[in-house]
Amino acid sequence: MNNFESTLSYAELLDLFEKAKGWEEKYRQIMLLGKQLKRPDGSLLIEANQVEGCESQVWMVIQKQENTLNIIAYSDSKIVRGLVGLLLIAIRELKLEEIAVFDAEAFFQTLKLESHLSPSRTNGLKSLIDHMIAAAKNEI
């Protein structure tokens, strides 16, 4: 169970971003994904679940589910919610071993987002990804 309502597959996401005409369209898609990341129960939005290193507030609860991770995540920032959605789509079909070696830089290059994200936003995303990778490694 998670709080992300998108049913997009990784392949569909790549296709969507490949067809996007410029940064504005990609930004719009990110914002639409952010709307599909629903606010979880307030009991999960506690300091213990905050991810360090993010400029915006981001909460993440990660649980092992069979051979993958179930992630409940949320941010107070609309764009960050959308970026979290991108990450959730990217890893939702991956096994723990694949999440443990996830190459976020390659993922964002594939979507052609790396030049559009500020250094602080990029560092925050790296913190989120590192958090997911550490959780996967911990469960292997």
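**Exercise 1. Which residues does asparagine 3 touch, not counting residues up to four places away in sequence?**

Solution. 
- Step 1. Beyond those neighbours, asparagine 3 touches Gln36, Leu37, Lys38, Pro40, Ile71, Ile72, Ala73 and Tyr74. Contact here means heavy atoms within 4.5 Å.
- Step 2. Asparagine 3 lies in the segment before α1. Helices (H or I, at least four residues) and strands (E, at least two) are DSSP runs, numbered from the N terminus.
- Step 3. Check the polar contacts. A polar contact is a pair of N or O atoms within 3.5 Å; within protein, one must be able to donate a hydrogen and the other to accept it, and residues adjacent in sequence count only if both atoms are side-chain atoms. A polar side-chain atom of asparagine 3 lies 2.5 Å from the backbone oxygen of lysine 38. The side chain of asparagine 3 also reaches the backbone oxygen of alanine 73, at 2.7 Å.
- Step 4. Judge the burial. Asparagine 3 has a relative accessible area of 9%, so it is buried. Buried means under 20% relative accessible area, exposed over 50%, partly exposed in between (1.4 Å probe, protein chains only).

**A note on the model.** This is a predicted model, in which local features need pLDDT of at least 70 and side-chain atom pairs count only at pLDDT 80 or more, while totals for chains, interfaces and linings use all residues. Residues are numbered from 1 along each chain as its sequence is written, and side-chain values use heavy atoms, with hydrogens and water left out.

**Exercise 2. What is the mean pLDDT of the chain, and which elements have the lowest and highest values?**

Solution. 
- Step 1. pLDDT is the predictor's confidence in each residue, from 0 to 100. The chain has a mean of 92. In the chain, 99% of residues reach 70 or more.
- Step 2. Go to the elements. Helix α5 (residues 104–110) has the lowest mean pLDDT, 87. Helix α4 (residues 96–99) has the highest, 97.

**Exercise 3. At what angle do α2 and α3 pack, and which residues make the contact?**

Solution. 
- Step 1. Two packed helices are described by the angle between their axes and the distance between the axes. Axes are lines fitted to C-alpha atoms, for helices over the stretch in contact, and angles run from 0 to 180 degrees between N-to-C directions.
- Step 2. Helix α2 (residues 23–35) packs on helix α3 (residues 78–91) at about 85°. Their axes are 7 Å apart.
- Step 3. That angle makes α2 roughly perpendicular to α3. The classes are: under 35 degrees roughly parallel, over 145 roughly antiparallel, 65 to 115 roughly perpendicular, and the rest oblique.
- Step 4. From α2, the contact uses Tyr27, Ile30, Met31, Leu33 and Gly34. From α3, it uses Lys78, Ile79, Arg81, Gly82, Leu83, Leu86 and Ile89.
- Step 5. These residues of α2 and α3 divide into eight nonpolar, two polar and two charged. Ala, Val, Leu, Ile, Met, Phe, Trp, Tyr, Cys and Pro count as nonpolar, Asp, Glu, Lys and Arg as charged, and the others, Gly among them, as polar.

**Exercise 4. How do the axes of α1 and α3 cross?**

Solution. 
- Step 1. The axes of helix α1 (residues 10–19) and α3 come within 8 Å and cross at roughly 135°. The two helices are therefore oblique to each other.
- Step 2. Tyr10, Leu13 and Phe17 of α1 meet Leu86, Ile89 and Ala90 of α3. The count is six nonpolar, no polar and no charged.

**Exercise 5. Where is serine 75, and is it buried or exposed?**

Solution. 
- Step 1. Serine 75 belongs to strand β2 (residues 68–75). Its relative accessibility is 0%, so serine 75 counts as buried.
- Step 2. Leaving out residues up to four places away in sequence, serine 75 touches Ser56, Gln57, Val58, Trp59, Val80 and Arg81.
- Step 3. A polar side-chain atom of serine 75 lies 3.0 Å from the backbone oxygen of glutamine 57.

**Exercise 6. What is phi of glutamate 66 and of lysine 112?**

Solution. 
- Step 1. Most residues other than glycine have a negative phi.
- Step 2. Glutamate 66 has a positive phi, near 55°. It sits in the loop between β1 (58–65) and β2. With 73% relative accessibility, glutamate 66 counts as exposed.
- Step 3. Lysine 112 has a positive phi of about 60°. Its loop lies between α5 and α6 (119–139). At 46% relative accessibility, lysine 112 counts as partly exposed.
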